[in-house]
Amino acid sequence: RTVAVWDDNFNAFNMLGFIAAAGLREEEAVRYWKRAIEIKPDERYAYINLATALTRMGRYNAAAAIYGRAVKVSPRWELPRQKLKNMAPLINNQPE
């Protein structure tokens, strides 16, 4: 019900993503972070949160795509570039 009231509140969805992830409900966290990004597509940390959840789920190609979007949102930010570099072996070995 809270989300229905705050359907356009980035902070609400971002926090719900953290709560879901803390409870190991990664699919739910992914949905919340995707919505947060829809609301505020220039918020770089939401991309990292989403990509981290996807990585935990073993969805490496999807996570890499989100890290790539983070690079586009914040080109000078090194964190998503480093994450992409670190997960390269996982991406290359994941079946399509």
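User: Is Asn49 buried or exposed, and what is its relative accessible area?
Analyst: This is a predicted model, where local features need pLDDT of at least 70, side-chain atom pairs count only at pLDDT 80 or more, and totals for chains, interfaces and linings use all residues. Residues are numbered from 1 along each chain as its sequence is written, and side-chain values use heavy atoms, with hydrogens and water left out. Buried means under 20% relative accessible area, exposed over 50%, partly exposed in between (1.4 Å probe, protein chains only). Asn49 is therefore buried, at 14%.

User: Which residues does Asn49 contact, leaving aside neighbours within four places in sequence?
Analyst: Asn49 sits in helix α4. Contact means heavy atoms within 4.5 Å. By that test the partners of Asn49 are Asn14, Phe18 and Trp33.

User: How are α3 and α4 oriented to each other?
Analyst: Helices here are DSSP runs (H or I, at least four residues), numbered from the N terminus. Axes are lines fitted to C-alpha atoms over the stretch in contact, and angles run from 0 to 180 degrees between N-to-C directions. Helix α3 (residues 26–39) and helix α4 (residues 44–56) pack at about 155°, axes 9 Å apart. Angles over 145 degrees count as roughly antiparallel, so α3 and α4 are roughly antiparallel.

User: Where does Leu24 lie, and what is its relative accessible area?
Analyst: Phi of Leu24 is near 60°, a positive value in a residue other than glycine. Most residues other than glycine have a negative phi. Leu24 lies in the loop between α2 (10–22) and α3. Leu24 is exposed, with a relative accessible area of 72%.

Conventions. Helices (H or I, at least four residues) and strands (E, at least two) are DSSP runs, numbered from the N terminus. Angles under 35 degrees count as roughly parallel, over 145 as roughly antiparallel, 65 to 115 as roughly perpendicular and the rest as oblique.
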